[in-house]
Amino acid sequence: MAKLSGLGQDTGSSPFCALFGTTVPFTPAQLHALYPSHGAFVAAWTKATTSAVNAGFILPADAKPLVAAAASSTVPE
């Protein structure tokens, strides 16, 4: 799990890299604050996946393996 930002990186001489933004992984403490248990994580993931399907961002056929991946993960451990 990580925080994603669309803001560019400090790229120095390579402006191309600024297109990719930045990713900062959550610490274990941040993960536990967001998801105090694995069940809480899976519930939040499932809710977000369902919302994305309903909004048309994810195909219904793709939702099932995404939820399965969350269930088989070790988050927040």
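The model is a predicted one, and its protein chain holds 3 helices and 2 strands, which follow one another from the N terminus in the order β-β-α-α-α. Of the 77 residues in the protein chain, 14% are buried. Among contacts with a separation of 6 or more, 41% are made by residues 24 or more positions apart.

**Helix α2**

- Helix α2 covers residues 38–54, and its 17 residues, at 1.5 Å a residue, should span 24 Å, which agrees with the 24 Å between its end C-alpha atoms.
- The buried residues of α2 are Phe 41, Val 42, Thr 49 and Ala 52; because they cover an arc of only 95° around the axis, they lie on the same side of α2.
- These buried residues of α2 pack against α3, whereas the face of α2 turned away from its buried side carries the exposed residues Lys 47 and Asn 54.
- Thr 49, which is found in helix α2, has a relative accessible area of 6% and therefore counts as buried, the limit being under 20%.
- Leaving aside neighbours within four places in sequence, Thr 49 is in contact with Ile 58, Ala 63, Leu 66 and Val 67.
- Val 42, when residues up to four places away in sequence are not counted, touches Ala 70 and Ala 71.
- After α2 comes Gly 56, whose phi is positive, near 85°. Most residues other than glycine have a negative phi.

**Aromatic cluster**

- Tyr 35, Phe 41 and Trp 45 form one aromatic cluster, and the structure holds 2 aromatic pairs.
- Tyr 35 and Phe 41 form an edge-to-face pair, with 5.2 Å centre to centre and 80° between the planes; both Tyr 35 and Phe 41 are buried.
- Phe 41 and Trp 45 form a tilted pair, with 5.6 Å centre to centre and 50° between the planes.
- Both Phe 41 and Trp 45 lie in helix α2, where they are 4 residues apart, about one turn of the helix.
- Phe 41 has a relative accessible area of 3% and is buried, whereas Trp 45, at 31% relative accessibility, counts as partly exposed, because that class runs between the 20% and 50% limits.

**Nonpolar core**

- The largest nonpolar core has 6 residues, namely Leu 31, Tyr 35, Phe 41, Val 42, Ala 70 and Val 75.
- Two of its members, Phe 41 and Val 42, are also listed among the buried residues of α2.
- Another member of this core, Leu 31, has its place in helix α1, residues 28–34, and is buried, with a relative accessible area of 10%.

**The segment after α3**

- Pro 76 has its place in the segment after α3, the helix of residues 60–71, and the peptide bond that leads from Val 75 to Pro 76 is cis, with omega near 10°. Most peptide bonds are trans.
- The C-alpha atoms of Pro 76 and Leu 31 are separated by 5.5 Å, although these residues are 45 residues apart along the chain.

Technical notes: Residues are numbered from 1 along each chain as its sequence is written. This is a predicted model: local features need pLDDT of at least 70, side-chain atom pairs count only at pLDDT 80 or more; totals for chains, interfaces and linings use all residues. Side-chain values use heavy atoms; hydrogens and water are left out. Rings of Phe, Tyr and Trp (its six-membered ring) pair if their centres lie within 6.5 Å; planes under 30 degrees apart count as stacked, over 60 as edge-to-face and the rest as tilted. Buried means under 20% relative accessible area, exposed over 50%, partly exposed in between (1.4 Å probe, protein chains only). Contact means heavy atoms within 4.5 Å. A nonpolar core is a set of buried Ala, Val, Leu, Ile, Met, Phe, Trp, Tyr and Cys residues joined through side-chain atoms within 4.5 Å. The expected span of a helix is 1.5 Å times one less than its number of residues. The arc is that of the directions from the helix axis to the C-beta atoms.
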